[in-house]
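Here is a note for a colleague who has not looked at this entry before. The points are numbered and can be read in any order.

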Amino acid sequence: MSTERTLVLGATGKTGRRVVARLRLHRMPVRPASRSSETPFDWSQPDGWDAVLRDVDSVYLVPPAVPGPVHDFVARVHAAGVRRVVLLSGRGADTWGDSTFGMDMRDAEDAVRRSSLEWTILRANNFDQNFDEELFHAPVVSGELALPAGDVPEPFIDIEDVADVAATVLTEPGRHAGETYELSGPRPITFREAVDMIGRVTGRDITYKQISAAEYAAALVEDGFGEDDARHLADMYAVMERGLIASTTDGVATVLGRAPRTFEDYVLRTAAKGAWDR
Ligand SMILES: NC(=O)c1ccc[n+]([C@@H]2O[C@H](COP(=O)([O-])OP(=O)(O)OC[C@H]3O[C@@H](n4cnc5c(N)ncnc54)[C@H](OP(=O)(O)O)[C@@H]3O)[C@@H](O)[C@H]2O)c1
């Protein structure tokens, strides 16, 4: 176990705050950073990056939503004497071809791989927690989730497992250098099954509705997304439809020596907290 200081970016976000909690539990020095954190960090303010990187040994890197900044950031990381970086990316990022989805993550991977840092990349499937902490939450609470997801299943992953993997990699210097871990849950399930399970457990009538990618993008724009962002998000479902990220992987077991948490476990825990109550 290392006692080196870790800078956690995206520290108020879904994975970052869980990584911070785990490092603190293990009494590891940690510096949580984001625009609203005590240590401010903004991808659009490079002048502030060097101060955040002072006396840091490792970085947990949640990439910015646009391609570009990670290349400069990695150069600063190197110059600051930081030794390792753990990057969060998306499942099968090198198989998405010319999809406009995930250009941010692929660009960040490129920046990290080109560096001489000790890097590890975590490529996660869609998170279980998208159903209660992200985009799918409001539609599920309203009783209908409308997506262009089709019937190709997705091996959703519990973010608690992503955070367990990240914290383990960060606390075992040297063991995971140059590794790309593909992180899936234990079983592929369709969005229809996922929504049905949440409905059964909560005792509520919640349905899945199949819509076209164009309808989905239009709905996102109506909700305030920019047109490009909406199109890129809709493109993710085209990647899924090709079956590129539908199989399970052994990434969680490789790092943690145990199976990933099930979607059933996630639904039971989350329903008990009242996350889907009206
Ligand atoms: N959702 C999924 O199913 C899934 C699956 C695989 C990979 N991913 C990838 O995971 C990443 C998101 O990670 P997450 O879910 O842990 O985070 P998140 O919950 O989306 O939160 C984003 C974090 O980034 C910070 N942030 C936002 N804009 C920033 C800026 N301009 N400068 C600095 N920090 C900024 C936010 O904090 P402040 O507002 O305080 O700055 C927050 O801590 C994305 O790259 C996504 O593509 C997501």
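**Notes on the predicted model**

1. Val 221 is partly exposed: 14 other C-beta atoms lie within 10 Å. The residue belongs to helix α8, which covers residues 213-222. Leaving aside residues up to four places away in sequence, Val 221 touches Glu 227 and Ala 230. Ala 271 is 50 residues from Val 221 along the chain, and the C-alpha atoms of the two are separated by 29 Å.

2. The model is predicted, not experimental, and the remarks here should be read with that in mind. In secondary structure the chain comes to 11 helices and 9 strands. The C-alpha trace spans about 55 × 35 × 35 Å along its principal axes. A compact globule of 278 residues would have a radius of gyration near 19 Å, and the chain agrees with this, at 19 Å. Of the 278 residues, 41% count as buried. Among contacts between residues at least 6 apart in sequence, 79% join residues at least 24 apart.

3. Strands of a sheet pair through backbone hydrogen bonds, either parallel or antiparallel.

4. Within this sheet, β1 can be followed in detail. β1 pairs with β2 in the parallel sense over 4 bridges, and Val 8 has Pro 32 of β2 as its bridge partner. β1 also pairs with β4 in the parallel sense, over 3 bridges; here Leu 7 has Val 59 of β4 as its bridge partner. In a regular strand the side chains alternate between the two faces of the sheet. In β1, Thr 6 and Val 8 lie on one side and Leu 7 and Leu 9 on the other, and all four are buried, which leaves both faces of the strand covered.

5. Which residues of helix α1 are buried? In α1 (residues 16-25) they are Gly 16, Arg 18, Val 19, Val 20 and Leu 23. The cover over these buried residues includes β1 (6-9), β2 (30-34), β4 (58-61) and α6.

6. The largest nonpolar core holds 74 residues, of which Leu 9, Leu 87, Leu 122 and Ala 166 touch the most other members. Helix α6 (residues 159-170) gives the most to this core, with 8 residues. Leu 122 touches Val 86, Leu 87, Leu 88, Ser 89, Val 162, Val 165, Ala 166, Tyr 181 and Leu 183, residues up to four places away in sequence not being counted. In soluble globular proteins, nonpolar side chains tend to be buried together.

7. Which residues come nearest to the ligand? Of the 27 residues around the ligand, these are Gly 13, Thr 15, Ser 34, Arg 35 and Ser 36. β5 (84-90) and α4 (103-114) each supply at least two residues of the shell. By type, the shell divides into 10 nonpolar, 12 polar and 5 charged residues.

8. Two backbone angles deserve a look. Most residues other than glycine have a negative phi. Arg 27 has a positive phi, near 55 degrees; this residue follows α1 and lies in the loop between α1 and β2. Arg 27 is exposed, with 9 other C-beta atoms within 10 Å. Asp 55 also has a positive phi, near 60 degrees, and its place is in the loop between α2 (49-53) and β4. Asp 55 counts as exposed because the number of C-beta neighbours inside 10 Å is 12, and a residue with 12 or fewer is classed as exposed.

9. Is Ser 142 buried or exposed? Ser 142 is exposed, as 10 other C-beta atoms lie within 10 Å. Ser 142 lies in helix α5 (residues 137-142). The C-alpha atoms of Ser 142 and Thr 207 are separated by 9.8 Å, although the two residues are 65 residues apart along the chain.

Notes
Residues numbered from 1 in each chain as written. Predicted model: local features only at pLDDT ≥ 70, side-chain atom pairs only at ≥ 80, totals over all residues. Core = buried A, V, L, I, M, F, W, Y, C linked by C-beta atoms within 7 Å. Buried ≥ 20, exposed ≤ 12 C-beta atoms within 10 Å, placed from the backbone. Contact = placed C-beta atoms within 7 Å. Near = placed C-beta within 6 Å. Nonpolar A, V, L, I, M, F, W, Y, C, P; charged D, E, K, R; others polar. Rg over C-alpha atoms; globule rule 2.2 N^0.38 Å. Pairing = 2+ DSSP bridges.
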